[in-house]
Amino acid sequence: MSQYFHRKESIVVENLVQTIGGQEILRGFSLKVYEGETLVLLGRSGGGKSVFLRHLIGLMQPVSGSIVVGGRDIIALKEREMAPVRRSMGMLFQNGALFDSMSVADNVAFPLRERGETDEAVVKTKVEGALQMVDLDGQQKKMPVNLSGGMRKRVALARALVNEPRCMLYDEPTAGLDPIVADSIDLLIRRLQRKLGVTSIVVTHDMKSAFTIADHVALLHEGRCYFYGTCEQLRDSTDPVIRDFVQGRSHDEP
Amino acid sequence: MSLPHAVGSTIFSFARYLGDLALLAAETLRGIVKGQIRFRLVIQQIYEIGYRSQLVVLITGGFTGAVFATQTFFQFHRLEMDTAVGPVVSVSMFRELGPVLCGLMVAGRVGAAMSAELGTMKVTEQIDALRALAVHPVDYLVLPRFLAMLVSMPLLVAECIAVGIVAAYFVTTQILGVSEVYYLSNMLHFTGGRDVAMGLIKGVVFGVLIVFISCHQGLNAREGAVGVGRATTEAVVIGSLFILIVNFFLTMTLNIFFPAGK
């Protein structure tokens, strides 16, 4: 995948340190994401992957380190100054984080309306298009509480995609989905990258998904970037930590 | 922990809490200045805060007026000052009972709902989702509630006072047999614009306190359902205590501008 190396860096993270409840979650984590690529971030549960993702869109402030998004250091930005950066990004939360007081259609339409789209016909068409992408067209009137976990996640994905962000952050997009839907989400991520050049950062444990979508893979281990490379390099690695992770071995006694 | 240390840390955390509230208020005003007003949400909140609180407030006002008139009458009757019940009830409804009781009821009804709603949004990451979608949570959640409260609270207080006075009038003249004409003329003679102003100003201040205290509790809720429960309880308790405490200082201050009985 050397074709990506000459590309412009979209996100550059250096020496990120974060402490939560006295425990150091990130201990100088550094990572580069190139424009238009899909980077898969692997790591153990509770290892700080989601925490890292939240820093990229300014939902958390690190103890130290720097995050440059599109040439702009976002650490120093105030909440209101973050808005333009966030408008170019989309984030899929682990549990969807749908607004439970709104219907599916209103959830997906929310970013459109918030950015000043007043023509309801345009909103309706775009919402339909976004829901079609996640295979949920026709569910517009349902309330989030009446949806299954997987459906919620897909509605949340439609909401994140409806404004066509330049960069997408996915927090476990395929966890809790059946294998067929999971595969269609993988293909969707791929399609967005190919057709629209969307930069994607995907946090996952799902190795199959990782091998399907990744241009680059990073492994977050003990708060640092333990491995960075392509899928082939990951597969061929002889490092025991990486091998355990790829093959899903725990070393516990049966 | 030694006593001075305990006292010191309590004062410190109280000062920090006041600072937090002030910052939230400042952020809300910044949102207004930046034109982030969503009128649809303001109307929706006026419906929630103002329209739907009416029954509670009317019942509170009505029965307080009635019982206060009755007790006053029992005392004044012995002094043969029956017609003084009118002004006593109306002035105290305007200056104290109306705004304070209305404030307490709104703190219980609206304040609890606000902190529970925002708290649930916080613990289910909906607030983070707002932020990730480039929407400032204060602009979207606090600002409409603040503006709706500014509109609703004076009206609720006015309703509460009006119903209280009408109920007092009815009880005193129709049940306890005081002359209608003397009652009314005395009441109108001793009640003035100063009393109305005091009641409404107090109402607005209490409303603003309720909004910021409840929204602050909600926005800072953590640890799931337990956290939301705690935030809701605290919003009502802190809101009610603040209303009672601030009311005293407000009475002393406003009395300079709107002196009683002159």
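Modeller: Start with the open sheet of six strands in chain A, ordered β6-β7-β8-β3-β9-β10, with mixed pairing. The edge strands are β6 (89–92) and β10 (224–229) of chain A, each of which pairs on one side only. From one strand to the next the twist averages 15°. The model is predicted, so local features need pLDDT of at least 70 and side-chain atom pairs count only at pLDDT 80 or more, while totals for chains, interfaces and linings use all residues. Residues are numbered from 1 along each chain as its sequence is written, and chains are lettered from A and ligands numbered from 1 in the order in which they are written.

Biologist: What makes β6(A) and β7(A) a pair?

Modeller: Two strands pair if DSSP finds at least two bridges between them. Four bridges join β6(A) to β7 (residues 167–171) of chain A, running parallel, so they pair by that rule. In β7(A), the bridge partner of A:M91 is A:L169.

Biologist: And what counts as a strand or a helix?

Modeller: Both are DSSP runs numbered from the N terminus: helices are H or I with at least four residues, strands are E with at least two.

Biologist: Which strands of this sheet does α1(A) touch?

Modeller: Helix α1(A) packs on the sheet, touching β3 (38–43), β7, β8 (199–203) and β9 (216–221) of chain A, and its direction makes about 150° with that of β8(A). Helix α6(A) lies across β3, β7 and β8 of chain A, at about 160° to β8(A). Those angles run from 0 to 180 degrees between N-to-C directions, and the axes are lines fitted to C-alpha atoms, for helices over the stretch in contact. Contact means that the C-beta atoms of two residues, placed from the backbone, lie within 7 Å.

Biologist: Why is α1(A) called mostly covered?

Modeller: A residue is buried if 20 or more other C-beta atoms lie within 10 Å of its own, exposed if 12 or fewer, and partly exposed in between, with C-beta atoms placed from the backbone. Seven of the eight residues of α1(A) are buried; they are A:K49, A:V51, A:F52, A:L53, A:R54, A:H55 and A:L56. Just after α1(A), A:G58 takes a positive phi of about 80°.

Biologist: What is the order of the four-strand sheet, and which strands are at its edges?

Modeller: The order is β2-β1-β4-β5 in chain A, an open sheet with antiparallel pairing. At the edges stand β2 (23–34) and β5 (72–73) of chain A, each with a single partner strand, so one side of each has no neighbour in the sheet. Helix α1 (residues 49–56) of chain A packs here too, touching β1 (9–20), β2 and β4 of chain A, and its direction makes about 60° with that of β2(A).

Biologist: How do you know that β4(A) and β5(A) pair?

Modeller: Two bridges link β4 (residues 64–69) and β5 of chain A in the antiparallel sense, and at least two is what pairing asks for, so they qualify. A:V68 stands opposite A:D73, and A:V69 stands opposite A:R72. Their hairpin has two residues between the strands, and A:G70 in it takes a positive phi near 55°. On the β1(A) side, five bridges join β1(A) to β4(A), with A:V12 opposite A:V68.

Biologist: Over in chain B, what makes B:A84 buried?

Modeller: B:A84 has 20 C-beta neighbours inside 10 Å, so it counts as buried. B:A84 is in the loop between α3 (54–78) and α4 of chain B. Leaving aside neighbours within four places in sequence, B:A84 is in contact with B:F76 and B:N186.

Biologist: Why is the crossing of α4(B) and α6(B) called right-handed?

Modeller: A crossing is right-handed if the near helix is turned clockwise from the far one by less than a right angle, and left-handed if anticlockwise. The crossing of α4(B) and α6(B) comes out right-handed. The axes of α4 (residues 85–123) and α6 (residues 137–175) of chain B come within 8 Å and cross at roughly 145°.
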